[in-house]
Each structure stands twice: as C-alpha cells, then as structure tokens.
Amino acid sequence: MAGRQSGIRARTAYAGFGAFGAFWGVWGASVPAIRDQAGLTDGQLGTALLFVGAGALPAMLLTGRAVDRRGLRVAALLLVGLGTAGTLVAVASRDVWSLSAGLALLGAASGAADVAINAAAGAAERGSGRPVITRAHGTFSTMVVAGSLATGLSSALGLPVVVPFMLVAGAAIGAALSIEADGRAVTADARTVAADARATGAGVAADARADPDAAGAARTGRDARTCRDPQFDRDPKADRADRAAEGDMGVQGGRRQGYPVRLFPLLVIGGLGALAFATENAHQSWGAVYLSDVAGAGPALASAGPAVFAAVVALTRFCAGAIGSRHAATVLVCGSVTAAAGTMLVSVATTVQVVLPGLALAAAGTAVLFPTLMGVVAAHVGEAARGRATSVVTTVAYLGFLAGPVYVGHWAGVTGLPGAMTAVAALAAVLAVLAWPLLRSAVGTGSPWDAPPGRPGRAGGERDPAGSEPGRPEGDSGHAGNLRQRCDPGRTPAPRI
C-alpha cells in the first residue's frame with residue numbers, strides 16, 4: 001500500500017516516458033513528409049521549427065506550479081494534449097503559417113508534458129527507493145527508436161502521414177489513464193492522511209493535560225524517559241514506508257500545499273543539464289550530416305547514425321539504472337569524460353567504421369548525465385514542491401537542448417564539421433570539470449531545497465534535527481520545551497522574540 005501512497009508506480013512513469021518517446025520518434029521520422037505536405041523549402045521549415053522552442057519554454061515554466069497544485073492528473077491531461085497536438089499538426093499543416101502555429105501548440109504541449117512526466121518519475125523514485133528516473137529515460141530512448149522505425153514502415157506501406165500520430169495518441173491516452181488511476185489513489189490517500197493528522201493532533205491536545213511528558217514526546221519525537229529520538233535510529237525500509245504514508249507533501253483536505261523552493265541549487269542543476277543536453281542534441285541533430293558529408297556514407301547508412309546513438313543511450317540507461325543518484329558526482333564526471341572522448345574520436349574520423357563507434361561512445365557518456373541530475377533533484381525536493389523544482393531545472397536544461405545544434409552550426413561555418421565536433425567535445429570537458437564543484441555547492445550542506453512555511457531549510461514532512469516544533473523557537477515554553485531541556489540540559493534556550 002505504501003507504494004501507492006507515494007504517488008505513482010514505476011511502471012506508470014515508464015508508460016508516460018514511453019508515450020513521450022514514441023511521439024518524438026514519430027515526429028523526427030515524419031518531418032520530411034510534413035515538409036512536403038506543407039510545400040515548404042528547407043529555410044521555411046527551419047523557421048517553422050523555431051516555434052517548437054517558442055511554445056515549449058513558457059509552458060515549461062508554468063507547468064510546475066500546476067503539477068504541485070493538482071498532482072498527477074496534470075501529467076495525464078498533458079500527455080493526451082501532446083497526442084492531440086501531434087495529430088493536428090499532421091492533418092492541418094498546409095503552409096508555413098499553419099505549420100508554425102501547429103508547432104507552437106505542439107511545443108507547448110511537449111514542454112509541459114516533459115515537466116509533468118519528469119516530476120512523476122521523481123515521485124516514483126523517491127517513494128519506491130528504486131532508480132526509476134534513469135530507467136524511465138531509457139524507456140524514452142527505446143521508444144524514440146521504435147517510433148522512428150514504425151513511421152518508416154508506415155511510409156513504406158504508403159499510409160497517410162497522420163496514421164503514426166494517431167497510434168501515438170492512442171498510446172498517450174493509455175498512459176494517461178494509468179496516471180489518472182494513480183492520481184485518484186493518491187488523492188484518496190492524502191485525504192486519509194490529513195484526516196488522521198487532524199485526529200492525532202486533537203488527541204495530543206487532549207492528552208497534554210493528563211500526561212505532559214507524553215505530549216512533549218509527541219511534539220518533539222523524543223521519549224520522555226529515555227530522551228531517545230527514534231528519528232535517528234530507523235530501518236530504511238520503515239522510513240520509506242512512513243514517508244510514503246505521509247505522502248512527503250503538504251496536504252490539507254486532499255490538496256497539495258505549495259512550499260517555497262531554493263532557486264540557486266535548481267539553477268546549478270539546470271545549468272549542468274544544459275551542458276549535457278547541448279552535447280547530446282548536437283550528436284542527435286548532426287550525426288547523420290557528419291556521416292554523409294565527412295565520412296561519405298549513403299543516405300540509408302547516414303540515417304542509421306541517430307538510430308545507433310539513441311539505441312546506445314537506451315541500453316546505457318537501463319544498464320546504469322541501478323546506480324541512481326547515489327554517486328552523482330562520479331557518474332557525471334565519468335559520463336562527461338566518456339562523451340568528450342567519443343566526440344573527439346568522431347572529430348578525427350573520416351570513415352563510417354570509425355564515426356559510428358565514436359557516436360556510440362559519446363552516446364554512452366551522455367546517456368547518464370541528465371537522468372542523474374534529475375535523481376539529485378528527486379532526492380532533495382519533497383512532493384509539495386516537486387513540480388516547480390522540475391520546471392526550473394528542465395527549462396534551464398532545455399535551453400542547452402535548443403542551443404546545441406545551433407552551436408554546431410556556428411562552428412561548422414567557421415572550422416568545418418570536424419572542428420565543430422571538437423567544440424562539442426570541449427562542452428563535455430567543461431561539464432566534467434564543473435560537475436563536482438558545482439554539485440557540491442548545491443548539495444554539500446545536506447539541506448533540502450524546499451521548506452514548509454515557518455520551517456526554513458527543512459524539506460516537506462521532515463522533522464527538525466533538534467525535534468523542535470514547526471514554527472516555534474527552540475526555547476519555547478511548555479512541556480515540549482521543558483522536555484528538550486531535560487533531554488539536553490547543556491542547551492541554553494533561545495530567547496523568545
């Protein structure tokens with residue numbers, strides 16, 4: 001039962017990422033057909049594609065608060081919206097204006113869904129204690145490949161371009177129904193927890209007159225006779241179960257309560273994510289061009305480059321999933337160094353036999369970067385602020401995703417594609433150098449990144465290490481304050497302000 005109360009099942013998170021990946025696999029393979037259907041030149045297509053980012057960025061910024069307020073059902077609605085937007089683009093794109101408008105809508109739906117499913121995966125990882133985020137991203141990469149291959153098959157059979165989008169819309173509805181089911185369970189559990197908390201509070205108040213020591217223990221977490229705090233002598237499984245039962249979120253009457261978040265560590269994580277995404281999307285966007293222009297590959301072999309990259313990313317994420325975020329700095333440094341080495345191999349290669357292994361090595365390195373960063377966020381942010389935290393991180397990281405291909409294009413115009421790949425390797429090297437000190441600056445204090453009102457520096461649902469009552473100074477009067485003095489006689493009570 002605890003797994004349900006934590007928010008979302010792991011398989012539901014995988015379903016959401018699978019639908020998201022299938023959509024982008026279908027979209028990537030359908031771009032030439034949609035361009036021809038709309039009658040666009042390559043220049044007009046490039047202009048229209050800018051509207052994807054223009055729609056995504058504001059939607060990503062706004063979605064986090066909606067997720068925090070309304071919970072998992074937001075993710076369900078957004079996945080359905082993404083499938084619908086893709087179908088509309090495939091049907092209604094007849095010129096540059098209709099395509100641009102459709103892509104703005106598609107970008108907004110995609111950006112919002114990206115935030116929501118990452119928040120859902122973070123909730124599943126924190127609630128279950130398993131490495132859900134990395135494996136969810138692996139599911140995404142796998143379905144990108146599957147969606148691309150399925151679209152190629154559909155095209156070979158002469159089916160309309162809208163058919164793959166309709167199939168993805170159906171998959172998105174299925175994932176949304178699974179998320180909605182979890183959302184209903186979470187809402188019911190949250191209301192039960194809130195009712196129990198109110199009943200417990202009333203009971204403690206009634207018992208205070210009869211047994212002051214027991215009341216003090218209820219408020220401080222310390223045993224009145226042994227001065228022992230059970231918070232620091234707990235079985236990890238029991239701790240996860242209790243956190244799941246509490247929902248690790250602010251709930252009042254079944255509705256989540258917003259907690260403030262610390263912006264600095266989230267911007268740090270987002271900045272590292274931007275470097276990771278810039279490196280990854282540089283290869284995804286330019287790998288086929290490099291194989292064609294530099295290695296002399298034919299169209300069929302050149303198109304295999306992005307597929308090889310995505311397949312290696314998926315395989316690496318599944319294999320590295322067990323690591324989770326326990327060794328985040330080490331994973332980030334090793335992944336960045338591996339990505340830099342693979343990119344350098346690509347930059348000096350002139351044959352397909354060398355370029356493809358270089359792409360595979362770069363893919364293995366970049367695969368672990370962003371999921372590891374999201375795992376760090378999941379470990380430091382409670383449910384009540386997870387949506388906003390995910391929104392900040394993914395929005396900043398998405399800037400790198402957008403900038404990566406442009407960065408390569410700029411350097412290619414100055415130095416050629418091999419020189420541009422060297423510049424991409426430099427990005428990965430910068431990430432390797434910055435990862436450890438920046439990550440330490442963000443998480444080195446060990447303090448969480450969200451805090452309920454009146455409890456600065458503590459995450460939602462966590463007790464102050466001293467056992468102090470929320471919103472009350474340590475030296476407060478009453479039985480709880482007296483109990484703390486008896487258990488720690490060397491402490492000087494802070495003056496009441």
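Is Glu280 buried or exposed? Glu280 is buried, because its relative accessible area is 12%. Buried here means under 20% relative accessible area, exposed means over 50%, and partly exposed is in between, with a 1.4 Å probe and protein chains only.

Before going on, a word on the source. This is a predicted model, in which local features need pLDDT of at least 70 and side-chain atom pairs count only at pLDDT 80 or more, while totals for chains, interfaces and linings use all residues. Residues are numbered from 1 along each chain as its sequence is written, and side-chain values use heavy atoms, with hydrogens and water left out.

Now the pairs. Side chains of opposite charge can pair when their charged atoms come close. I call it a salt bridge when a side-chain nitrogen of Lys or Arg is within 4 Å of a carboxyl oxygen of Asp or Glu. That rule gives 5 salt bridges, and I will go through some of them.

Glu280 is in one of these, with Arg317 as its partner and 3.8 Å between the closest N and O atoms. The two sit in distant parts of the chain, 37 residues apart: Glu280 in helix H10 (residues 263-293) and Arg317 in helix H11 (residues 299-319). Helices are DSSP runs of H or I with at least four residues, numbered from the N terminus. Arg317 is also buried, because its relative accessible area is 2%.

Next, Arg388 and Asp68 form a salt bridge, with the closest N and O atoms 2.6 Å apart. This pair links helix H15 (residues 386-415), which holds Arg388, to helix H3 (residues 42-70), which holds Asp68, across 320 residues. Both Arg388 and Asp68 are buried.

Then there is Glu180 with Arg73, a salt bridge at 3.4 Å, N to O. Glu180 belongs to helix H7 (residues 162-208) and Arg73 to helix H4 (residues 73-92), 107 residues apart. How exposed are they? Glu180 counts as partly exposed because its relative accessibility is 21%. Arg73 also counts as partly exposed, at 34%.

Last, Leu369, in helix H14 (residues 369-380). Leu369 counts as buried because its relative accessibility is 2%. What does Leu369 touch, leaving aside neighbours within four places in sequence? Its contacts, meaning heavy atoms within 4.5 Å, are Ala276, Leu332, Gly335, Ser336 and Leu431. The C-alpha atoms of Leu369 and Ala329 are 10.0 Å apart, with the two residues 40 apart along the chain.
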